[in-house]
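Look at the fold below.

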Amino acid sequence: MRHLLKTALFGVASALALATAVSAAPLSTLDRNGAYVSVEAYGPNIVHVTIAVDKAETLKGPGYGILADHADNAAFKQTSDANGDTFSSNGLTLHVNAAPAPHVPTQGEKYFAPSLAPVALQIQNAKGETVLSMNSWEMSPHEVNGEQTYQVGAAFAAPDGEHYYGMGQNQESLNDLDLRGRVLDCQHWYDAPAGEQVCVPFMVSSKGYGIVWDNPSQTRFIGGVNGRLGFQSKVGERVSFFVITGSTPEQIYSGYARLTGKTPIPPKSAFGLIQSKARYDSQDEILRVANTYREKKYPLDIMVLDWFYWTRMGQMDINPAEFPDPDAMNKQLHDMGMQSIVSIWPRYETAGRYFNELDHKGFLLKDKDGKTVDGLPFRSDRTGGLIDATNPEARKWFWEHARDNILSHGFDYPWLDETEPDLVPDGNFFSIGSGDRYHNVFPLLHVEGVAEGMREWKPNKRVLILSRAAYLGSQRTGALFWSSDINPSWEALQRQIPTGLNMTASGIAYWGNDIGGWQWLPQTTSFTGTPLLDPSDARETVGQNNDYPELFTRWFQYGTFLPTLRLHGDRKHTEIWAFGKQAEAILADYDKLRYRLIPYLYSSAKTTYDTGAPFMRALWMDFPNDPNVADIGTQYMFGPAFLVAPVTKQGQTEKDVYLPAGADWYNYWTNEKLTGGQWIKVAAPINQIPVFVKAGSIVPVGSDIQSTATKQTITALKVYPGKDGDFTLYDDDGVSYDYEKGKGAVTTTLHWNDATQSLTASGSDKAFAKSAPSLVQVIAK
């Protein structure tokens with residue numbers, strides 16, 4: 001059955017390729033006593049290794065998410081001797097050991113040794129240092145969902161002192177970041193106890209390499225347990241992985257971008273405030289909220305219409321009783337300098353107008369008997385069939401109906417919810433094969449299908465999509481990802497910091513969360529302490545949760561320093577004036593601060609587009625020579641300048657913060673200068689989140705604007721002295737794809753000479769470069 005289903009279905013340019021697609025010829029396919037090892041390259045610092053007992057399996061192209069047409073063997077040469085085969089470039093060296101000489105098996109080997117022929121290999125970096133050694137591989141036969149298949153895996157050495165990061169979104173940690181010593185279940189799992197899991201099987205090591213594990217089934221990651229680094233996938237007929245080497249994070253992530261796709265620059269509105277709620281009941285309520293933001297002069301860019309604006313799940317319509325004129329609603333938002341996002345779900349009730357058509361065409365997830373799956377047996381609140389995004393015709397159908405029925409009414413961008421998918425595919429079947437075999441691919445295929453449709457529909461308007469899950473290559477879709485339906489609790493807030501840092505380490509730069517938590521806020525509480533903010537004038541929103549205005553404020557402060565800042569939640573109100581006057585004043589200040597930082601953020605986004613490296617990143621990326629930062633998951637760098645340490649405890653008014661060695665640091669609020677390489681206790685009154693700025697930084701500050709629809713000027717260039725520094729200030733129209741063609745962009749290179757205490761500027765905006773020195777504000781205590 002699997003072989004009948006695995007047909008060449010995907011002809012789209014973005015390489016939604018099946019594992020059966022054939023890529024360029026490999027550098028070599030080696031025979032190791034019946035274990036075949038295929039080697040191909042994707043540039044000088046990326047090798048793809050495939051191992052199988054069936055030679056044909058090793059010659060199949062890479063799996064989902066990989067851009068197979070980017071294979072490039074030109075940089076490598078192969079040499080062979082009695083010790084094996086070596087593949088070398090100026091970026092890395094791969095050595096595949098020769099097959100061991102025949103020998104009489106030992107007693108233990110007779111009974112306990114695997115039947116597979118052994119394969120071992122080593123990878124050296126550009127300096128000739130061995131960074132990775134694979135010691136063994138596995139193919140263990142078993143049956144999954146009626147299919148005779150294998151558990152496949154590989155084991156690598158895990159030297160002492162090596163640290164591991166990435167592997168997608170896992171919310172189990174409260175503080176620690178390093179994956180060493182942990183065993184992760186890499187699968188999309190909405191119901192994970194600590195919060196939704198998302199599998200992006202890309203791991204980065206502190207030794208200067210990354211592994212992309214090329215298998216979309218449920219995968220176990222073993223992070224250096226008992227000296228073993230390993231991957232084990234539930235379904236497969238081969239072992240397939242990529243190794244990327246680099247002396248800096250930028251080199252590794254540039255390789256990942258070459259392998260799976262570049263991270264586009266989102267529309268500039270994505271960096272402003274995004275206002276959402278579960279849910280706005282009518283267009284009158286949406287316009288009332290938008291007008292209130294403008295009346296209060298609180299900046300806002302995007303209003304979001306969440307679920308149940310439709311008449312029935314899967315009708316793909318807009319209820320005229322609640323939204324009588326969505327075209328006029330969106331025009332009013334646009335006239336206010338705002339844009340809109342609308343939630344579009346992938347599920348279809350059996351009584352809806354499209355179910356029979358989709359069922360007849362085979363466009364929905366099926367069970368083993370070929371019947372459409374309706375809801376889940378273990379959740380009473382779920383119903384409907386799931387669109388089969390692995391079917392290109394179903395993807396096309398979904399996009400066209402989303403466009404014509406919903407987006408055409410003036411909505412700017414879609415929110416694709418349930419992209420795990422929420423209807424768990426295990427035990428069921430997509431058009432390409434079993435849900436177990438392809439467990440993790442849905443979010444890539446579903447979101448990219450819509451992204452491609454959007455770009456074809458409006459070819460010079462940047463795609464923006466909210467998506468709840470991701471996979472290898474999802475960063476190329478123009479999606480903003482978030483951590484799903486988390487609790488409105490201090491614990492959930494604390495979990496977000498290490499969660500987000502490992503997600504961005506997985507190549508997913510645009511990650512955020514529902515500010516305040518999504519789940520229903522109970523109207524009673526066990527909290528008996530004294531909150532730092534008065535809740536008495538926020539009862540309509542918080543009930544008796546006296547500490548919630550404080551929690552929301554701390555969360556918003558954290559969100560100000562996230563790639564995207566989006567308010568959301570299942571509460572009566574979620575707007576920044578809904579949590580009491582004391583909270584409102586602080587929230588408004590941070591909202592305005594966010595907008596002043598947009599030139600800095602947007603310039604950082606261009607760097608991510610150029611390099612693939614995230615601009616919200618754990619400390620280990622920027623300070624690899626400081627061993628103290630390897631496991632810090634409570635603070636992070638936000639762009640090249642800011643170190644952010646969110647407050648995650650109720651009543652906390654000071655926080656222990658580590659300042660990495662190798663730099664001096666300025667307290668953002670007091671301008672006090674401190675030496676790196678030490679823990680300090682930082683004052684954190686309710687109106688301050690601990691933020692430090694690295695000496696040598698140049699931070700552009702933008703003018704106060706109400707939305708990014710207004711042209712923003714640079715009002716100051718804040719310089720934090722103590723070291724020479726550089727910053728590339730980037731701007732464009734914020735909407736089109738002209739930047740991809742090198743058109744319409746304005747780039748100014750800023751340099752601070754610490755010895756002469758002077759700033760120089762050069763670039764395409766001659767007038768600004770000339771005026772830049774007059775905008776300098778040198779920070780001093």
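Contact here means heavy atoms within 4.5 Å. Helices (H or I, at least four residues) and strands (E, at least two) are DSSP runs, numbered from the N terminus. Axes are lines fitted to C-alpha atoms, for helices over the stretch in contact, and angles run from 0 to 180 degrees between N-to-C directions.

This is a predicted model: local features need pLDDT of at least 70, side-chain atom pairs count only at pLDDT 80 or more, while totals for chains, interfaces and linings use all residues. Residues are numbered from 1 along each chain as its sequence is written, and side-chain values use heavy atoms, leaving out hydrogens and water.

Start with the sheet. It is open and has 7 strands, in the order β1-β2-β3-β16-β13-β12-β10, with antiparallel pairing. Two strands pair if DSSP finds at least two bridges between them. Strands β13 and β16 are joined by 5 bridges.

Now the helices.

| Helix | Residues | Angle |
|---|---|---|
| α4 | residues 249–260 | about 135° with β16 |
| α10 | residues 490–505 | about 85° to β10 |

Helix α4 packs on the sheet and touches β3, β12, β13 and β16. Helix α10 lies across β10 and β12.

Last, N170. This residue sits in the loop between β10 and β11. Is N170 buried or exposed? N170 counts as buried because its relative accessibility is 13%; buried means under 20% relative accessible area, exposed over 50%, partly exposed in between (1.4 Å probe, protein chains only). Leaving aside neighbours within four places in sequence, N170 is in contact with R182, L184, Q197 and T499.
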